[in-house]
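Visitor: Could you walk me through this structure, with questions as we go?
Guide: Gladly, let's take a look together.

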Amino acid sequence: MNTFEVFKLYPIAIESAKGMELTDTEGKKYLDLYGGHGVISIGHCQEDYVKGLKAQLDKIGFYSNSVRIPFQEELAVKLQKLSGYDDYKLFLVNSGAEANENALKLASFYTNRSKVIAFRKAFHGRTSLAVAVTDSPAIQAPINKTDKVLWADLNDIESVKAVMDNDVAAVIIEGIQGVGGVKIPTDDFLRQLRELCTANGSLLIVDEIQCGYGRTGKFFYHQYSGIKADIISMAKGIANGFPVGAIMINPEIPAKFGMLGTTFGGNHLGCMAAILTADVMMKNNYVANAAKMGDYLFGKLKGHKAIKDLRGKGLMVGIETVADAAEIRNKLLFDEHIFTGFSGGVNTIRLIPPLCITEKEIDRFVEAFDKVTK
Ligand SMILES: Cc1ncc(COP(=O)(O)O)c(C=O)c1O
């Protein structure tokens, strides 16, 4: 049997990894400024993480949600500490799309409404509802197309008001648009959106799957604006590579038996991976490191003549280049052995590195970027 070829793949196979470094099957070493789609938060094969997961596997790896899994409560307490969201509830799943799927379904159940407002250029995942609120017709199958999703423009509150009505269950917005090319909603826009949702009885869902979990220097990006969301979706960095997704839910939304459910979500091994990740993040102050290293990187790149526009916050960085970004990315990978990400539509190189990055690795990137853009 062959694999179903839906990805564009680089001809590189990674055999091992440590911290910020990847090693391929030929022994070639790469600096990882992409973290496998922003997933690696505390560094590859972090010591405490590996040790803790191995120990957990010796005890129990999985049991389903037919029994109490105290690790879920332990994780909820840690997330409360990390995020500052005091009294919210936690529901655990296995991926980002699933987190958004559950967030949207929950909003519809709670409000008894059937529509949702989403933003142009947004990416929220590939399951049914998640892809319906993703502005990319190419990845929507006919079965996903629906008139229940209303579209608005980022940073244009009038475009949201124009489609808001009393059947809108929720507005869903990425804290920072990632796949769309690191596009940032302004603090004012987020505040206006919060007010509009409250006035209309609609929930505000913030998708922090890519930009959250400390990446921007605050635990969630939307916290820069001072607003609180009703539901926050997370995944990627939450468990440093173990497939875990989650939603945090406003305590005013009551849980009802059967409303949401999952076989794998919140299992012992997944929870332990997330607990260990949270512990390492807290112990090493990686949220603060993301802010500091982000400032360092932005300082180094600001005014660079090869850059048309520099966007982002902390360690979520969009570098829109003057020359072809795809070519620059390939040179960074094949000549300089540095992994980066890419947003094609806006000719942008995306850096979403592990939060344990140091000045040394940033210097190496800047030097390489200088070289390949000369
Ligand atoms: C903002 C955002 N939401 C949702 C998703 C979907 O996450 P997953 O691929 O884990 O389903 C992604 C993935 O890139 C994302 O960037």
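**Cavities, ligand and a salt bridge**

Guide: The largest cavity has a volume of about 60 Å³. A cavity is a set of points, on a 1 Å grid over the protein atoms alone, where a 1.4 Å probe fits but cannot get out, and lining residues have an atom within 4 Å of a point. Grid points are joined across faces, edges and corners, and a volume is the space filled by probe spheres set on the points. Please keep in mind that this is a predicted model, in which local features need pLDDT of at least 70, side-chain atom pairs count only at pLDDT 80 or more, and totals for chains, interfaces and linings use all residues. Residues are numbered from 1 along each chain as its sequence is written, and side-chain values use heavy atoms, with hydrogens and water left out.

Visitor: Which helix gives the largest share of the shell around the ligand?
Guide: Among the residues surrounding the ligand are Gly96, Ala97 and Asn100 (each with a heavy atom within 4 Å of it). Helices are DSSP runs of H or I with at least four residues, and strands are runs of E with at least two, numbered from the N terminus. With three residues, the largest share comes from helix 4 (residues 96-111).

Visitor: How far from a nitrogen atom of the ligand is a polar side-chain atom of aspartate 207?
Guide: Polar contacts here are pairs of N or O atoms within 3.5 Å. A polar backbone atom of alanine 97 is 2.8 Å from an oxygen atom of the ligand. For the side chain of aspartate 207 and a ligand nitrogen, the distance is 2.7 Å.

Visitor: Which residue forms a salt bridge with aspartate 153?
Guide: A salt bridge is a side-chain nitrogen of Lys or Arg within 4 Å of a carboxyl oxygen of Asp or Glu, and the structure holds 14 of them. In this one, the closest N and O atoms are 2.9 Å apart. Aspartate 153 lies in the loop between strand 6 (149-152) and helix 6 (157-161) and its partner in the loop between strand 5 (115-119) and helix 5 (128-132), so the pair ties together parts 33 residues apart in sequence. That partner is arginine 120.

Definitions and conventions: Polar contact = N/O pair within 3.5 Å; in protein donor to acceptor, adjacent residues only side chain to side chain. 1 Å grid on protein atoms, 1.4 Å probe; cavity = no way out; pocket = protein on both sides within 12 Å on 5 of 7 lines; lining within 4 Å.
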